[in-house]
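Hello,

I am handing this structure over to you, as promised. Please have a look at it first, and then read on for what was found.

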Amino acid sequence: DVANSLKLRERVRPSHLERAKQLLDQGRLVFAGPHPAVDDDLSGEAGFTGSLIIAEFSCLEDAEDWANSDPYKEAGVYATIHVKPVKQVLP
């Protein structure tokens, strides 16, 4: 996240979640959630330092395209996006 991203996050959160829900409905979402800036269930004004989304895509390019079209990216919440392949071992 960029510094002081909390207000930006709050503004576009519904559209960000709707997009992630589409992956869930398609059976492609493995995990999604934010990285709180502090180790507390309610990070409050501390905000977040980023997000993690693990989902199935047909190729890395499709995953990158999806990530770069995220409402958080478009609104300037994310300073950078890193898309990497992962090999699931467990469960």
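Below are notes on the pockets, the salt bridges and the aromatic rings.

Before anything else, please keep in mind that this is a predicted model.

Let me start with the largest pocket, which has a volume of about 890 Å³. It is lined by 30 residues, and those closest to its centre are Ile53, Ile54, His82, Val83 and Lys84. Three elements each supply at least two residues of this lining: strand β1 (29-36), strand β2 (48-55) and helix α2 (60-68). Of the elements, β2 gives the most, with 7 residues. Sorted by class, the lining of the largest pocket comes to 18 nonpolar, 7 polar and 5 charged residues.

The second largest pocket has a volume of about 290 Å³. Here 17 residues make up the lining, and Arg13, His16, Leu17, Pro34 and Tyr72 are the closest to the centre. Helix α1 (6-25) joins β1 and β2 in supplying at least two residues each. Which element gives the most to this second lining? That is α1, with 8 residues. By class, the lining of the second largest pocket holds 10 nonpolar, 3 polar and 4 charged residues.

**Salt bridges**

How many salt bridges does a search of the whole structure find? The count is 3, and I will take them one by one.

- Arg9 and Asp1 meet through their side chains, at 2.6 Å from N to O. Arg9 is buried because its relative accessible area, 5%, is under the 20% cut-off. Asp1, at 21% relative accessibility, counts as partly exposed.
- Asp70 pairs with Arg19, and their closest N and O atoms are 3.5 Å apart.
- Lys21 bridges to Asp25, with 3.0 Å between the closest N and O atoms. Both residues are in helix α1, and they are separated by about one helical turn because they are 4 residues apart. Lys21 is partly exposed, at 41% relative accessible area, whereas Asp25 counts as exposed, at 54%.

**Aromatic rings and the charges over them**

The count of aromatic pairs is 2. One of them is formed by Phe57 and Trp66, which are tilted, with 5.8 Å from centre to centre and 50 degrees between the planes. Phe57 is partly exposed, with a relative accessible area of 24%. Trp66, at 16%, counts as buried.

What is the arrangement of the rings of Tyr72 and Tyr78? Their planes are at 85 degrees, so the pair is edge-to-face, and the ring centres are 5.6 Å apart. Tyr72 is buried, at 2% relative accessible area, and Tyr78 is buried as well, at 11%. Tyr72 was also named above as one of the residues closest to the centre of the second largest pocket.

Arg19 lies over Trp66, at 4.1 Å from the ring centre, and Arg28 lies over Phe57, at 4.7 Å from the ring centre. Arg19 is worth a look on screen: this residue takes part in the salt bridge with Asp70 and lies over the face of Trp66.

**One last residue**

Finally, where does Ile81 lie? It is found in the segment after α3, and at 26% relative accessibility Ile81 counts as partly exposed. From C-alpha to C-alpha, Ile81 and Ala55 are 15 Å apart in space, and they are 26 residues apart in sequence.

Best wishes

Note on methods
Residues numbered from 1 in each chain as written. Predicted model: local features only at pLDDT ≥ 70, side-chain atom pairs only at ≥ 80, totals over all residues. Heavy atoms only, no water. 1 Å grid on protein atoms, 1.4 Å probe; cavity = no way out; pocket = protein on both sides within 12 Å on 5 of 7 lines; lining within 4 Å. Points joined across faces, edges and corners; volume = space filled by probe spheres on them. Nonpolar A, V, L, I, M, F, W, Y, C, P; charged D, E, K, R; others polar. Salt bridge = Lys/Arg side-chain N within 4 Å of Asp/Glu carboxyl O. Buried < 20%, exposed > 50% of the residue type's maximum accessible area, 1.4 Å probe, protein only. Phe/Tyr/Trp six-rings, centres within 6.5 Å; stacked < 30°, edge-to-face > 60°. Lys NZ or Arg CZ within 6 Å of the ring centre and 35° of its normal.
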